[in-house]
Amino acid sequence: MEKTYELSLTPLQIEVLLDSVRGFVDNKKLLHVPVAGGEIVGLPLTEEALAWLLNVCGQVDEKQSIVVQLASVDDERTKVNVRCPAGSEICTYEVLLAEFDEQ
């Protein structure tokens with residue numbers, strides 16, 4: 001499985017998502033965000049990834065195009081790549097999707 005999603009978020013929206021993730025004290029949850037085309041998808045964005053996005057994309061106070069790629073590593077693990085064109089770096093991490101609740 002490999003899926004690519006394009007998000008368009010302002011620094012304030014990234015901050016709100018980051019605050020939400022920090023509030024998930026007991027468990028991890030998928031963040032439901034709008035992607036290009038208007039569809040809403042649940043993505044396993046971590047606190048570290050959102051903090052990185054805020055640092056890289058938060059330099060300009062306008063919507064930034066953010067690309068999130070999900071790729072299966074094996075039957076359980078998923079590799080997540082997060083890229084913001086404002087920076088040349090890519091934030092990459094692996095997650096167990098089963099650890100993330102839908103709601």
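Q: Contact means heavy atoms within 4.5 Å. Which elements do the buried residues of α2 pack against?
A: This is a predicted model. In it, the buried residues of α2 pack against α1 (11–22) and against the strands β3 (31–34), β5 (64–72), β6 (77–83) and β7 (90–96).

Q: Which residues of helix α2 are buried?
A: Helix α2 covers residues 47–57. Its buried residues are Ala49, Leu50, Trp52, Leu53, Val56 and Cys57.

Q: Why are the buried residues of α2 said to line one face of the helix?
A: Look down the axis of α2: the buried residues fall within an arc of 160 degrees, so they line one face.

Q: Why is Val56 called buried?
A: Val56 sits in helix α2. The cut-off for buried is under 20% relative accessible area. Val56 has 15%, so Val56 is buried.

Q: How far apart are Val56 and Val68 in sequence and in space?
A: Val56 and Val68 are 12 residues apart in sequence. C-alpha to C-alpha, the two are 14 Å apart in space.

Q: What does Leu50 touch, not counting residues up to four places away in sequence?
A: With those residues left out, Leu50 touches Ile14, Leu17, Leu18, Val21, Leu31 and Leu45.

Q: Which members of the largest nonpolar core touch the most other members?
A: This core has 30 residues. Leu43, Leu50, Leu53, Ile66 and Val82 touch the most other members.

Q: Which elements give two or more residues to this core, and where does the largest share come from?
A: The elements are β1 (2–9), α1, β3, β4 (40–43), α2, β5, β6 and β7. The largest share comes from α2, with six residues.

Q: What makes Val41 count as buried?
A: Val41 is found in strand β4. Its relative accessible area is 7%, which is under the 20% cut-off, so Val41 is buried.

Q: What is Val41 in contact with, leaving aside its neighbours within four places in sequence?
A: Val41 is in contact with Tyr5, Leu31, His32, Val33 and Val35. Val41 and Leu31 are 10 residues apart in sequence, and their C-alpha atoms are 7.8 Å apart in space.

Q: What volume does the largest pocket have, and which residues are closest to its centre?
A: The volume is about 200 Å³. Of the 14 residues that line this pocket, Val21, Lys28, Thr46, Glu47 and Glu48 are the closest to the centre.

Q: Which elements give two or more residues to the lining of the largest pocket?
A: They are β2 (28–29), α2 and β7. The largest share, three residues, comes from β7.

Q: How do the residues of the lining of the largest pocket divide into nonpolar, polar and charged?
A: Six are nonpolar, two are polar and six are charged.

Q: How do you know that Thr46 counts as buried?
A: Thr46 lies in the loop between β4 and α2. Buried means under 20%. Thr46 has 17% relative accessibility, so Thr46 counts as buried.

Q: What does Thr46 touch, not counting residues up to four places away in sequence?
A: Thr46 touches Val21, Tyr93, Val95 and Phe100.

Q: Why is Val95 called buried, whereas Glu94 is called partly exposed?
A: Val95 is found in strand β7, and Glu94 has its place in strand β7. Val95 has a relative accessible area of 7%, under the 20% limit, so Val95 is buried. Glu94 has 40%, between the 20% and 50% limits, so Glu94 is partly exposed.

How values were computed: Residues are numbered from 1 along each chain as its sequence is written. This is a predicted model: local features need pLDDT of at least 70, side-chain atom pairs count only at pLDDT 80 or more; totals for chains, interfaces and linings use all residues. Side-chain values use heavy atoms; hydrogens and water are left out. Buried means under 20% relative accessible area, exposed over 50%, partly exposed in between (1.4 Å probe, protein chains only). Helices (H or I, at least four residues) and strands (E, at least two) are DSSP runs, numbered from the N terminus. The arc is that of the directions from the helix axis to the C-beta atoms. On a 1 Å grid over the protein atoms alone, a cavity is a set of points where a 1.4 Å probe fits but cannot get out, and a pocket is an open set with protein on both sides within 12 Å along at least five of seven lines; lining residues have an atom within 4 Å of a point. Grid points are joined across faces, edges and corners, and a volume is the space filled by probe spheres set on the points. Ala, Val, Leu, Ile, Met, Phe, Trp, Tyr, Cys and Pro count as nonpolar, Asp, Glu, Lys and Arg as charged, and the others, Gly among them, as polar. A nonpolar core is a set of buried Ala, Val, Leu, Ile, Met, Phe, Trp, Tyr and Cys residues joined through side-chain atoms within 4.5 Å.
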